[in-house]
Amino acid sequence: MNRLRHAVLAPALILGLASGAAHASNRFDGAWSVVAMAESGTCTGPYRYPIVIRDGQVDEAGDNGVDAAGHAGEDGRITGTIRRGLANVAVSGRLRGAAGRGRWTLSGLGSCSGRWTARRTG
């Protein structure tokens, strides 16, 4: 179960923002590198993942098999959810310039929470 938690947590921290709806491009579009750290619960870390923002929609830059929905606003605000099996991860935060940070919370298979940081890579 700990492995499943880790498999869900990592993408969640990065993907917690993806959605299928199209939006106009925004200034945060591009490639980002995210590092997620656990602060409470049984999750470990840090986790490092690449993401991409297109037209304000956040998506992982790989295939992690999760159902993600969310948005990166023109003001840099990030909100979203990630689902995989019974696990749900809520993600929130803000991007500013070429960096960002925020919080995440895992529920459904136990619980844990932490913070993430991001930097623009492209």
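The questions and answers below concern the salt bridges of this predicted model.

Reader: How many salt bridges does the count come to?

Author: A pair is counted when a side-chain nitrogen of Lys or Arg lies within 4 Å of a carboxyl oxygen of Asp or Glu. In this predicted model, one of the pairs that meet this rule is Asp-75 with Arg-77, at 3.4 Å from N to O. By this rule the count comes to 4 salt bridges.

Reader: Which parts of the chain does the salt bridge between Glu-39 and Arg-103 tie together?

Author: The closest N and O atoms of Glu-39 and Arg-103 are 2.7 Å apart, and the two residues form a salt bridge. Because Glu-39 lies in strand β1 (residues 30–41) and Arg-103 in strand β7 (residues 99–107), the pair ties together parts that are 64 residues apart in sequence, namely strands β1 and β7.

Reader: Which residues are linked with Glu-39 in a network of salt bridges?

Author: Glu-39 also forms a salt bridge with Arg-115, with 2.9 Å between the closest N and O atoms. This pair links distant parts of the chain, since Glu-39 is in strand β1 and Arg-115, 76 residues apart from it, is in strand β8 (residues 112–120). The residues linked with Glu-39 in the network are Arg-103 and Arg-115.

Reader: Is Arg-77 buried, partly exposed or exposed?

Author: Buried means under 20% relative accessible area and exposed means over 50%, with partly exposed in between. Asp-75, which meets Arg-77 in a salt bridge, has a relative accessible area of 37% and is partly exposed. Arg-77 has a relative accessibility of 45%, and therefore counts as partly exposed.

Key
Residues numbered from 1 in each chain as written. Predicted model: local features only at pLDDT ≥ 70, side-chain atom pairs only at ≥ 80, totals over all residues. Heavy atoms only, no water. Helix = DSSP H or I, 4+ residues; strand = E, 2+ residues; numbered from the N terminus. Buried < 20%, exposed > 50% of the residue type's maximum accessible area, 1.4 Å probe, protein only.
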